[in-house]
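Good morning, and thank you for the time on today's agenda. Please bring up the sequence and the model, and I shall take you through them.

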Amino acid sequence: MVEIETINRDQFEQIVYCSDPAVGLKSIIAIHDTTLGPATGGCRFFPYPSEEDALKDVLRLAKGMTYKSALSDVAFGGGKAVIIGDPQKIKTKALLQRFAQFVNTLNGHYITAKDVGISGEDLRVMSEVTQHILGIEGKADSSGDPSIATAFGMMRSFDALAKEILGKSSLKSLTFAIQGVGSVGHYLAENLGELGANVIITDIDQNNIRAVQHKISNIQVVNPNDIYGIQCDFFVPCALGGILNQETIPRLKCGIVAGSANNQLATLQDGFRLSERSIFYAPDYVVNAGGIINIAEERLGYDRKRAFEHVGRIYNTVVEIIRRAKNAHKAPFLIADQMAEEILEQAKKKNTKMQPLRNLHKISHQNHLNPL
Ligand code: NAD
């Protein structure tokens, strides 16, 4: 696993370890900040090599969710959960529902949703036990597949980046190299292909490559390791985190990096490495916020038109980050963090009613809940 930045655990309101050997559950729920609302973020089911790796991942992801929601103007705080283990081997209904029971113990301070390793059906199974869950597909008032909204927000981000950085009002003449054509990457390849852009894709799953080829003819496919060296306008990481690092950055031949994968920078230093190479890195949590914005609309009574209008406003946020970064001669990821922190500070000053959970439970170990 790629080394990631150390995160100060004191910045977190709660870090909850949840385990139940009877069902094989080992999980961590991290609540970073609830100033703007309940900590909301998906549950990732992944075979982490160690508990320490899982902790690093959940902390980094939870903090990212705070910033993502703040800049997206949704009334959510930041949180995330991880379940440690191979979902193909250990996932059972009992395990998922035990996890959901732990979510209940947080009394709505954490709201769970889908992430890597958790399917729509898994969410439905959890929803039999907890109401603190969003994004259940097929349910009345459901916001549906978040990947469509995420891809839409990404397309609006591409528009903003093309205009402000490349001086182009259309994506048609531009080249996009997409790493990973699963849910989000597939929609992007399809949308960009339909617009007439030049699209190059890679994936480790041949079925996903074929699915794109089936929709878009003349699409160029490269091996996973070759995607970094493709001459392109946009490098679009839609697979894994930590892929922008000291090994890959020198190989990039793009003007802009903008992708849906969370935590693309392996370390903060890599953000500066990109700036030194004059590559504009669009902060991942800004451009990939379409999914959370769409899900947030469920709490207002889901209206697709209103939800997509809200997602479309990612364009304005990206423009503001670009302009502030240019004016301040600062890396865009620093500007985005600064903007999110300003929003949180202002909310903390105004908000006298909502008391953050900070210092109530720094770290709680909850291993002794009643069985299902
Ligand atoms: P997905 O699992 O459907 O797709 C990921 C794809 O990447 C798969 O096709 C997989 O085979 C491929 N892949 C994995 N390793 C690879 C490698 N080394 N090289 C090339 N391809 C590789 O996931 P998704 O829902 O499309 O999300 C993509 C990324 O965006 C994830 O990091 C996710 O956390 C993030 N994200 C997704 C959403 C959403 O709405 N789905 C929202 C925000 C962020």
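I shall speak about the surroundings of the ligand and then about a pair of helices.

Please bear in mind that this is a predicted model.

Let us begin with the ligand. Which residues come nearest to the ligand? There are 20 residues around the ligand, and those that come nearest are Thr-150, Val-184, Asp-203, Asn-208 and Ser-260. By class, this shell has 8 nonpolar, 9 polar and 3 charged residues.

I turn now to individual contacts. A polar side-chain atom of Asn-208 lies 2.7 Å from an oxygen atom of the ligand. In the case of Val-184, a backbone N or O atom is 2.8 Å from a ligand oxygen atom. Arg-44 places a polar side-chain atom 3.4 Å from an oxygen atom of the ligand. On its own, the ligand has 830 Å² of accessible area, of which the protein covers 78%.

Which helix gives the most to the shell? That helix is α5, with 3 residues. Both α5, residues 146-166, and α6, residues 183-195, supply at least two residues each.

Helix α5 also leads us to the second topic. Two packed helices are described by the angle between their axes and the distance between the axes. The axes of α5 and α12, the latter spanning residues 314-328, come within 8 Å and cross at roughly 35 degrees. This crossing of α5 and α12 is right-handed. On the α5 side, the contact includes Gly-153, Arg-156 and Leu-161, and on the α12 side it includes Tyr-315, Ile-322 and Lys-326. The residues of this contact divide into 8 nonpolar, 2 polar and 6 charged.

Terms used:
Residues are numbered from 1 along each chain as its sequence is written. This is a predicted model: local features need pLDDT of at least 70, side-chain atom pairs count only at pLDDT 80 or more; totals for chains, interfaces and linings use all residues. Side-chain values use heavy atoms; hydrogens and water are left out. A residue is near a molecule or strand if one of its heavy atoms lies within 4 Å of it. A polar contact is a pair of N or O atoms within 3.5 Å; within protein, one must be able to donate a hydrogen and the other to accept it, and residues adjacent in sequence count only if both atoms are side-chain atoms. Accessible areas come from the Shrake-Rupley method with a 1.4 Å probe; for residues, only the protein chains shown count as cover. Helices (H or I, at least four residues) and strands (E, at least two) are DSSP runs, numbered from the N terminus. Ala, Val, Leu, Ile, Met, Phe, Trp, Tyr, Cys and Pro count as nonpolar, Asp, Glu, Lys and Arg as charged, and the others, Gly among them, as polar. Axes are lines fitted to C-alpha atoms, for helices over the stretch in contact, and angles run from 0 to 180 degrees between N-to-C directions. A crossing is left-handed if the near helix is turned anticlockwise from the far one by less than a right angle, and right-handed if clockwise. Contact means heavy atoms within 4.5 Å.
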